[in-house]
Amino acid sequence: MKRKVNLILALIIASATVLAQTPEKKRYRAVEITNPPQIDGILDDDAWQEGEWIDDFTQFEPYNGRPSSQRTEFKIVFDANNIYVAIKAFDTAPDSIVQRLTRRDQVDGDMVGVAFDSYHDQRTAFIIGLSTGGVKFDRLMSNNGQTEDNTWDPNWWGKATINDEGWVAEMKIPFSQLRFEKNSDGIWGLEVFRQLYRKNELSFWQHIPKDAPGMVHLFGEIEGFENIKPRKIFDLTPYGVASLDKYPVQAGNPFATGRDYRLNGGIDAKIGVTNNMTLDLTINPDFGQVEADPSEVNLTAYETYFEEKRPFFVEGKNITDFNIGLGDGGIGNDNLFYSRRIGRRPQGYPSLQSNQYANVPRTATILTAAKLTGKTSNGLSIGFIETITAEEKAEIDTEGTRTFETVEPLTNYFVGRVQKDNNNGNTIVGGMFTSVNRRLTDNLENSLHRAAYSGGVDITQYFREKTWMFNINASMSHVTGSDLAIVRTQRSSARYFQRPDADHFELDSSRTSLTGTGGRMQIVKSGNSHWTFMTAMVWKSPEFEINDIGYMREADNIIQVAYVGYRQWEPKGFYRSYNLGLNQYSAWTLGGEHMVDGLNMHGNITFKNFWNANAGGELNFNSKSNAILRGGPIMNMPASFNSWYNAGTDSRKKLVFRVNGGFNRGFNGSSSTARIGASATYKPVNTLAVRLNPSYSVSQNQLQYIGRRSFGGDNRYIFGTIDQKVLSMSLRVDFNLTPDLTLQYWGQPFIASGTYSDFKRITNPSAAAYSDRFEVFPADRISLSGSTYQVDEDGNGSNDYSFGKPDFNVQEFLSNLVIRWEYNPGSTLYLVWSQTRSNFDADSMFAPGENLGDLFGVKPYNVFLIKFSYRFGIK
């Protein structure tokens, strides 16, 4: 793990812990200058003859409270427009200084930096750091250090040099990039830090005990800014894009000519509305440089959650967060705002005849988007996003005649989030509101909501010097549309109102709206005391629906969780740190149906040699599923056990290895999965990193859903035993010629096959014995005709129903090559080459060599793109 992660974790760890004796605050006085220094990493300018050099740093880790092992000095001066920071990182072994070039915020090597609490609210800090390689590192910390935003990328200048005494960092930070009050007393909070990479040592100028109840409020102070006026940012960044798509020609298809050309342009703006509020605007944005999502085969009824990668939506995303889930993945992703909904793949598709071809847009065009974010001096944080996406139409060719059909309506998205700190940050009250409004055409009237709204209120209360926390997030949703559109919502995989055994809801085909509630309540004992504790409850009513602009897997549940953990952070014996955790959980529907109980144990350890490992296991029992029959009754499920492990060598070395894997087994032989993955990272020189990540899994599941059929007036739920194998190999290359000129490559071949056997129908889903819940079709009752299975259930010699052969072999190759040159802060040139290869063969067996041969025998889809942007900074 990168050392920058260590810094953030250290700041977070320091931010919510048990009260200890507070160290006396240090104070530094900055000096105003008239002749600014040249930012070259050489401190021979007249400006650096002014002011005072300060040292006296103390370790935060690994040995909290001890003097730092190497001397560090800093000086801060300023003029009317900028702050200038110089840090001398002395080193008795300068040949051991680690100097590596990486992308911004991905620091790998020695680093120094400053943190300014320019509001002087003792809760918010702007962190700016520089590595020995000149790589920039910046973060926005809030909530007294408990929350960090790694997407904050201000415009500033920095240079680092190595000399015989150690190394030097020199920085210029415009006042316009920081936020502070116009009529302040000139005193800010200040922290200065140093990361000594080879020892994994983090030192602070103002000492912060590990058992301190917060972080930002313990900063030292800097004075001298009483005559400085805030500078409002006003940046305009127009861009232009030229691209070429090359792909296989499709005979007879007038839209598949083999190549498409595109010219596009737009503008981005960042405007300081007030001293504390920033408005981000984008018109016709282009995200062609963004890496593709990884390949997958999803056999569940649930939508896959993909990470947001588009810069406009990534930056400042924490402020519009309203999470109503728990944990990582699954329900942990449930949130009122999921930005991937904006600019999504069109939700409609034309129904084509054999003599028709269609040109369907890949994504909904974002016409314009605006985002207002900031925090006032009295602790009010706001975040508003307003976006409009275009109506998208498929162009249809019918033997030379062209028609158009709307596949995505003109849509307005709105997100509003406010939070207010009270009682010195011990009480936080907030609210959230979202809306989606669509201008629907006749063909989409019965498939999409006309309007969707959600809102929520959250309250967080800290007790006993923030070692205890109570939090509640309560929300409500409301969607409207035609009766058929609302029927689709009622029948969706999130709720299955057509379930025949449910007595707390029913499918109502006359409804034109749904209104539901959801939320989360938790009590947490946190901090750096050795013991931690959490208990929580999550609930969602059956009618709760937020997927127009948010993300939710399932409604109709109540989930209870309890967790206890133990942590040891001081290095002793053979380890540097370790932690252990145990949690218990149970779930019910809102109708009172008990769905599952579970236990989870896990732990991780970092050894003295910086190797690390973690492992865990989870047992599910008393399990039922209200989704496996996809609208059918609840079904009893076998208990299961899942285990995992992960181990790695010292990430500071040039060659790093990791291995991970796990095993899952369902009781009664119902399922099994074995998975293994590895990674190797090689840094032959300080400008190059090559990472290889192979993974392989093999699984068998006796209860894989295939479909529903009718026979004799009753439903037949058809399942099969699937044997599935998945192989992937990810290659990533990072070549950094300078901190501002980088080349990145990512490529991934992917093979997934599934072979079905032992087809069966569910006969008694609530039976106590596993084998009594289904009946495997006898060999003389099922036959394969071409690509269709015919079932003669009653054995009278005639086919009663059928289903398609579900076997599959999916092969895909994705790659992305990006050359990025930030030739001036905020101004960038991108050169991009993306390639996609896809192949599908329902009859092919899993044979990696042959499958890869088939895949690379397919002609690729190539995209070549050049994007140029230039930032105009207007003072």
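Start by selecting β42, β43 and β44: these three strands make an open sheet in that order, and their pairing is antiparallel. β42 (782-785) and β44 (801-804) are the edge strands, each pairing on one side only. From one strand to the next the twist averages 25°. Strands here are DSSP runs of E of at least two residues, numbered from the N terminus, as are helices (H or I, at least four residues). Two strands pair if DSSP finds at least two bridges between them. For angles, axes are lines fitted to C-alpha atoms (for helices over the stretch in contact), and values run from 0 to 180 degrees between N-to-C directions.

The model is predicted: local features need pLDDT of at least 70, side-chain atom pairs count only at pLDDT 80 or more, and totals for chains, interfaces and linings use all residues. Residues are numbered from 1 along each chain as its sequence is written, and side-chain values use heavy atoms, with hydrogens and water left out.

Serine 783 has glutamine 790 in β43 as its bridge partner. On the other pairing, β43 and β44 are antiparallel over four bridges, and threonine 788 has glycine 804 in β44 as its bridge partner. In a regular strand the side chains alternate between the two faces of the sheet. In β44, Tyr801 and Phe803 are on the covered face, while Ser802 and Gly804 are on the uncovered one.

**Two hairpins in a row**

Next select 575-588 (β30) and 594-607 (β31), which run antiparallel and are joined by 13 bridges. Asparagine 583 has asparagine 600 in β31 as its bridge partner. Five residues lie between the strands of this hairpin, and glycine 592 in the turn has a positive phi of about 90°.

Threonine 606 is opposite asparagine 612 in β32. β31 and β32 form a hairpin with four residues between them, and phenylalanine 610 in the turn has a positive phi of about 75°.

**Backbone exceptions**

Most residues other than glycine have a negative phi, and most peptide bonds are trans. Go on to asparagine 622, in the loop between β32 and β33 (624-625). Asparagine 622 is not a glycine, yet its phi is positive at about 50°. With a relative accessible area of 47%, asparagine 622 is partly exposed; buried means under 20%, exposed over 50%, and partly exposed in between (1.4 Å probe, protein chains only).

Glutamine 122, in the loop between β6 (111-117) and β7 (125-131), also has a positive phi, about 60°, without being a glycine. Glutamine 122 is partly exposed at 36% relative accessibility.

Then pick proline 62, in the loop between β3 (58-61) and β4 (72-78).

**A cavity to finish**

The structure holds six cavities of 30 Å³ or more. A cavity is a set of points, on a 1 Å grid over the protein atoms alone, where a 1.4 Å probe fits but cannot get out; lining residues have an atom within 4 Å of a point. To view the second largest cavity, select Thr102, Arg103, Arg104, Gly134, Val135, Lys136, Pro739, Asp740, Thr742, Arg820 and Glu822, which line it. This cavity holds about 80 Å³ of space, where a volume is the space filled by probe spheres set on the points, joined across faces, edges and corners. Its lining divides into two nonpolar, three polar and six charged residues. Ala, Val, Leu, Ile, Met, Phe, Trp, Tyr, Cys and Pro count as nonpolar, Asp, Glu, Lys and Arg as charged, and the others, Gly among them, as polar.

Terms used:
1 Å grid on protein atoms, 1.4 Å probe; cavity = no way out; pocket = protein on both sides within 12 Å on 5 of 7 lines; lining within 4 Å.
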